[in-house]
Amino acid sequence: MQKEITIIGAGLVGSLLSIYLSKQGYKVKIFERRPDMRKMSMSAGRSINLALSDRGINALEEVGLMEDIRKIAIPMHGRQLHHIDGTSGYQAYGKEGQFINSVSRGELNRTLMNLAEKHQVEIFFNERCDHIDWKKNEIHFTNTSTNQTHITKQELIFGSDGAFSAARLSHQLQHDRFQYQQYYIDFGYKELTIPAGKEQSFQMEKNALHIWPRGNYMLIALPNIDGSFTCTLFFPFEGDPSFNSLDTPEKTRDFFNKTFTNASIMMPDLEKEFFNNATSSLVTVKCFPWIRDDKFALIGDAAHAIVPFFGQGMNCGFEDCSVLNNLITKHQHNWNLILNEYQTLRKPDGDAIATLALNNFVEMRDKVADPVFLLQKKIEANFSNKYPDKWTPAYSLVTFSPDVRYSEALSRGNAQQSIMNEVMRMENISTLWNSDTVEEFMLSKINDLES
Ligand SMILES: Cc1cc2nc3c(=O)[nH]c(=O)nc-3n(C[C@H](O)[C@H](O)[C@H](O)COP(=O)(O)OP(=O)(O)OC[C@H]3O[C@@H](n4cnc5c(N)ncnc54)[C@H](O)[C@@H]3O)c2cc1C
């Protein structure tokens with residue numbers, strides 16, 4: 001008999017997972033708390049986008065969706081920096097031909113749900129998981145439109161219900177020695193818009209991720225296919241300036257005029273959006289175990305919520321699905337073996353990308369504008385171009401090297417950083433940066449590491 005699987009949450013990861021599982025021959029049901037987003041009109045002019053990179057692309061290719069997604073993706077080849085003095089700069093993300101993609105979250109989720117249904121996945125909307133009774137293998141739901149509760153029995157359950165997962169909470173409360181760590185940074189975020197110009201034209205460079213680095217905080221902007229940009233302000237909750245201190249429309253506009261001058265000119269609805277749009281918090285969640293025998297596993301943000309500064313949360317969740325799919329084939333549907341190896345492989349990678357993402361906040365908001373950092377990047381790029389087998393910058397390991405695990409990207413990145421720290425302490429490095437001395441030093445250090 002065809003085994004049934006229940007997934008809690010039809011977000012990006014749950015929807016993708018359902019496609020893999022149904023292709024593996026399972027009968028899949030998803031229960032989603034929200035109404036069907038495909039039947040709702042997008043709130044006027046608001047589009048939220050995400051950076052999709054190679055790990056996520058690999059998974060979308062595996063389920064045959066990438067061709068469709070390419071049509072709605074905007075390549076971003078590098079960072080366009082907008083400095084406080086009005087000057088701008090550009091940093092390529094990788095080598096020529098390497099780029100990340102701006103994709104609408106809503107469109108991506110809708111496309112995944114459509115493909116899931118084509119594969120006979122049943123999606124039940126307005127169904128909130130309240131808790132799971134592990135002794136009876138029962139999931140308790142409330143229908144959020146009728147308020148009716150019901151219970152379903154299930155042999156195998158996936159919790160893909162996001163950072164504040166109800167499935168995880170049930171798992172935690174009924175599991176001896178469950179490890180749980182939740183860490184909020186002192187910064188929140190708010191989404192704002194730069195609308196399209198005349199005839200849906202882009203008011204700034206289309207193929208770049210724009211950053212206004214301001215030391216302790218930053219504004220970023222990603223392009224949308226309608227010519228607009230979705231901006232995100234990452235800003236302290238408290239202090240001056242902060243979300244707390246910008247408490248009137250006048251103070252907000254004045255602050256933007258002074259701090260993000262060119263962006264402010266392109267934001268006619270700034271005051272309205274600033275006070276209407278939510279200020280949201282940023283959390284990292286780590287937990288263990290992710291699984292329960294052959295009955296249950298956490299996946300995506302429910303297993304490893306991270307801050308968004310490496311643009312990897314969704315990409316990591318998509319990679320979880322791909323890894324799981326390979327294990328189903330490897331272990332020939334033996335779920336004890338599959339879930340055990342899934343957790344063994346993915347937990348260190350989830351922890352690693354959480355650390356990398358936190359570190360990247362400082363790089364984006366502050367270091368990208370620092371001349372010493374820029375020199376270091378130049379030296380690294382130079383060396384990596386000459387010795388591509390010996391040195392790949394940490395950003396490229398994470399973003400463009402899906403064959404390298406996140407945990408390996410973190411350890412290789414740390415080792416390379418300690419070599420760079422020594423290089424940057426060399427006398428006259430600003431004039432010597434392109435010299436044989438520096439090259440030989442780096443070569444000997446990296447050879448030492450390899451041996
Ligand atoms: C500001 C910001 C920017 C980001 N940018 C990027 C980026 O550029 N690139 C990238 O890769 N990642 C990015 N991320 C991370 C990315 O959004 C997440 O990693 C991704 O959405 C995780 O997908 P998920 O399906 O695991 O969880 P979610 O997308 O949170 O989906 C969970 C689903 O479960 C449903 N649900 C919740 N509770 C229940 C319940 N009790 N019962 C039933 N259903 C439930 C929810 O309604 C939702 O549909 C960003 C995150 C933020 C906050």
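Colleague: What percentage of the 451 residues of the protein count as buried?

Modeller: In this predicted model, 39% of the 451 residues count as buried.

Colleague: Why does Cys 321 count as buried?

Modeller: A residue is buried if 20 or more other C-beta atoms lie within 10 Å of its own. Cys 321 has 27 C-beta neighbours inside 10 Å, so Cys 321 counts as buried. Cys 321 lies in helix H10, residues 313-330. Leaving aside neighbours within four places in sequence, its contacts include Leu 16, Tyr 20 and Ile 299. Leu 16 is 305 residues away along the chain, yet 7.3 Å separates the two C-alpha atoms.

Colleague: What makes strand E15 mostly covered?

Modeller: Six of the six residues of E15 (residues 218-223) are buried. Met 218, Ile 220 and Leu 222 point one way, while Leu 219, Ala 221 and Pro 223 point the other way.

Colleague: How do you know that E15 pairs with strand E14?

Modeller: Two strands pair if DSSP finds at least two bridges between them. E14 (residues 208-213) and E15 have four bridges and pair in the antiparallel sense; Ile 211 stands opposite Ile 220.

Colleague: Which strand is joined to E15 by six bridges?

Modeller: Strand E16 (residues 229-236) is joined to E15 by six bridges, and the two run antiparallel. Cys 231 in E16 is the bridge partner of Ala 221.

Methods: Residues numbered from 1 in each chain as written. Predicted model: local features only at pLDDT ≥ 70, side-chain atom pairs only at ≥ 80, totals over all residues. Buried ≥ 20, exposed ≤ 12 C-beta atoms within 10 Å, placed from the backbone. Contact = placed C-beta atoms within 7 Å.
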